[in-house]
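Open the model in your viewer and keep the selection tool at hand. The tour below goes stop by stop, saying what to select and what is there.

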Amino acid sequence: MGRICFGTTLRSIKRMYSSRTGLFAQLLVAAALTMPAPLYAEDRMITDKELSDESNTADWLAYGRTHSEQRFSPLKDINVDNVGKLKPEWYLDLPDKNDMVGTPLVVDGVLYYVGTLNVIRAIDARTGKMLWEYDPKVAKEITDNNMRKVFWSYSRGLSAYNDKLYVATWDGRIVAINRKDGKEVWQTRTFPHDTPLNITGHVKAFDGKVFVGNGGTELGPTRGYVTAYDAETGKQLWRFFIVPGNPADGFEDEAQEMAAKTWTGKWWEHGGGGNAWHGWTYDKEFNQLIFGTGNGSPWNRKVRSPGGGDNLFLCSVVAVDANTGKYKWHVQTAPGDTWDYNSNMDIVLADLKIDGKNVKAAMHAPKNGFFYVIDRSNGKVLSAEKFADVNWSTKFDLEKQTHIIPESAWFNDGEENIYPSVFGAHSWHAMSYNPELGLAFIPTNHMSNTFTDKGKDTDTSWRGNKFQLGIAVGLAPMASDPHEARGSLQAWDPVKNKRVWQVNQKSAWGAGTLATAGNLVFQGLPEGKLKAYDARDGKVVWEYDAGLAISAPPITYKLDGKQMVALLIGPGGALTSNFAGGGWDAFGWKYGLHQRRLIAFSLDGKAVVPPQPAPQIAKPIIDKEFKIDDAKAAAGAGTYAVHLCIACHGGGAAAGIMAPDLRESPHLLHGGEETFKDIVRGGALLGKGMPRFPTLTDEELEGIRHYIRKQAVEGATPAGH
Ligand code: CA
């Protein structure tokens, strides 16, 4: 009723008259073919044809705009010559107090985005007016089921298919809602309540299916997998396991049997990991789903697979048949991974001409610092060159199709400073590709970590139901690369295998990029600026001061003859929690103070966006009534780190904007014990994204309180800007 699309109408008319002959019937069909299509927003069915159409500039239909994941728009109304005139067309203040990392979609003049705790909002893409909201009630699901959810309440995006939108929730559900009114159609669970997994990636919709992976490798003995469901019903269609299970239980398929040959010891007791939390692409031309896989569980191979081995399919790009989930090919980007080098980064499809030959390529710049060009017809690596300082691998040997890894990378002698860091030379921040210029734009981090085995080589305490980080390796604080700025945006030529230009940035964690035919690359930065670069040489041609860190990538679309550029303003992701200090740039972005926003820009924009409060560095409270016990504070430091308080409340308890700075919190002062217990153990603030930690003892909670008070007195005060 009211949801008949043009295609369906035609098909039913053809069916109706297929058995008849005669002029009348033919005329009716002809009339139906020439009638203007009544494509109202509610009637539109998004198909793979549309999702593959690079020429549609009215919408932004998929996470990476189209199935190619290029994030390149042929729009050039806004271009290098006039971008200086770009101004806010509209803005919307967002009540969310947390991570802004998502790519919005635009369908028929409606912009959809997913925010904190996976709430979806529909916004009028012309005016910024909110139309409706859908809340999957994530906090309730977690509380009702006593789930272990430690971090990442955000989602990086949505998918649109037929008349529906799809989202994956933090707690592990795939939800389909009606695109017109946000009414739920179905939901299904992709992992059991009692597993420590989470989902931050978008659901990938394609060919009547929706696909999703999961994350959480560090939080328990998990075995990663990806799953495809029927887009209309939510019924599971296929599942592919990323690492093999216990051989005694039998293997699910031949791929598992092959993978098991690359593992040693009793890896299955550790789960193995490999979780696919981001980076998946539907390759229509070869009817394959290509996805990236994560690091091992635990990180340290000496614990996970003590006799060595490549440990397939950790840190790999894997292609499976889109209909069946059957293995087709793989490229392992970090054999035997010990360094948290996920290959969960974007996989971008392009037609390249290499050595005179046309290549159907998949491009991939994972954490490990190598830019891969893969022939996606067979999984052969055509080139893999370093795009940042790298010392874990000497080179990728094209002949052997694998990395040459020096002994030092395994830190057998104790400790070793290894590039890139565990945050990667490139993480989930979107890479874009301009096919007209033949350039990929990579948000790059230039950092290292010192890895050590000391006291960790037999440590398996990460296992079990403890809400604890478990990686079986020690990490010294991260260091900046002495040869490069801490962060950069670079343009990479995938045919010549080299960097064409690079712009240095003072901070790592630059946001995802958008490329346009106007010879522009747009990128937001942790320092609060949205910049447009000349895609040919990296020159800054426009910038906008958003007054708050940016982590989400921009999109572009055209309505009523007007090109718009829109994005979510606000920080997000793992490094964000340290933007207040702890060795990181102190930008003064403060939880609860600075306004998250959605802003759309146009060349004749006239919206006046209220200024943000000035940056504010935390002022730790010195509580004279609280008598600090050094031993308790030392124990508390360990609890704070191992239970991942650090992930949101910051290194050294100097919080970035993801969560309050605990040194200023009233709940950690003298007399705040009971409230503190209610929050941490009882989950009183779960609705704001603060997880609950029911296993923490009174003693451990008390230790954290002493640690925070000690940090308030002695901790590093960020330098400020
Ligand atoms: Ca990881």
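**Stop 1: a covered strand**

Select strand β13, residues 225-230: five of its six residues are buried, so the strand is mostly covered, where buried means under 20% relative accessible area with a 1.4 Å probe, protein chains only. Strands are DSSP runs of E of at least two residues and helices are runs of H or I of at least four, numbered from the N terminus. The model is predicted: local features need pLDDT of at least 70, side-chain atom pairs count only at pLDDT 80 or more, and totals for chains, interfaces and linings use all residues. Residues are numbered from 1 along each chain as its sequence is written, and side-chain values use heavy atoms, with hydrogens and water left out.

**Stop 2: the neighbours of β13**

Pick Phe211 to find its bridge partner in β13, Ala228.

Five residues separate β13 and β14 in a hairpin, and Gly234 in the turn has a positive phi of about 85°.

**Stop 3: the calcium ion**

Select the calcium ion and its protein donors: Glu218 (OE), Asn295 (OD1) and Asp340 (OD), at 2.3 to 2.4 Å. Donors are N, O and S atoms within 2.8 Å of the metal (3.2 Å for Na, K and Ca); water is not among the atoms, so sites may look incomplete. Along the chain the donors are spaced E-x76-N-x44-D. Asn295 lies in the loop between β17 (288-292) and β18 (296-297), and Asp340 in the loop between β20 (327-332) and β21 (347-354); the pair, 45 residues apart, links distant parts of the chain. Both Asn295 and Asp340 are buried.

**Stop 4: helix α10**

Move to α10 (residues 698-714). Its 17 residues should span 24 Å at 1.5 Å a residue, and the end C-alpha atoms are 24 Å apart, which agrees; the expected span is 1.5 Å times one less than the number of residues.

Which helices do the buried residues of α10 pack against? They pack against α7 (630-642), α8 (645-649) and α9 (673-680), with contact meaning heavy atoms within 4.5 Å. Among the buried residues are Leu701, Arg705 and Ala712.

How values were computed
Buried means under 20% relative accessible area, exposed over 50%, partly exposed in between (1.4 Å probe, protein chains only). Two strands pair if DSSP finds at least two bridges between them.
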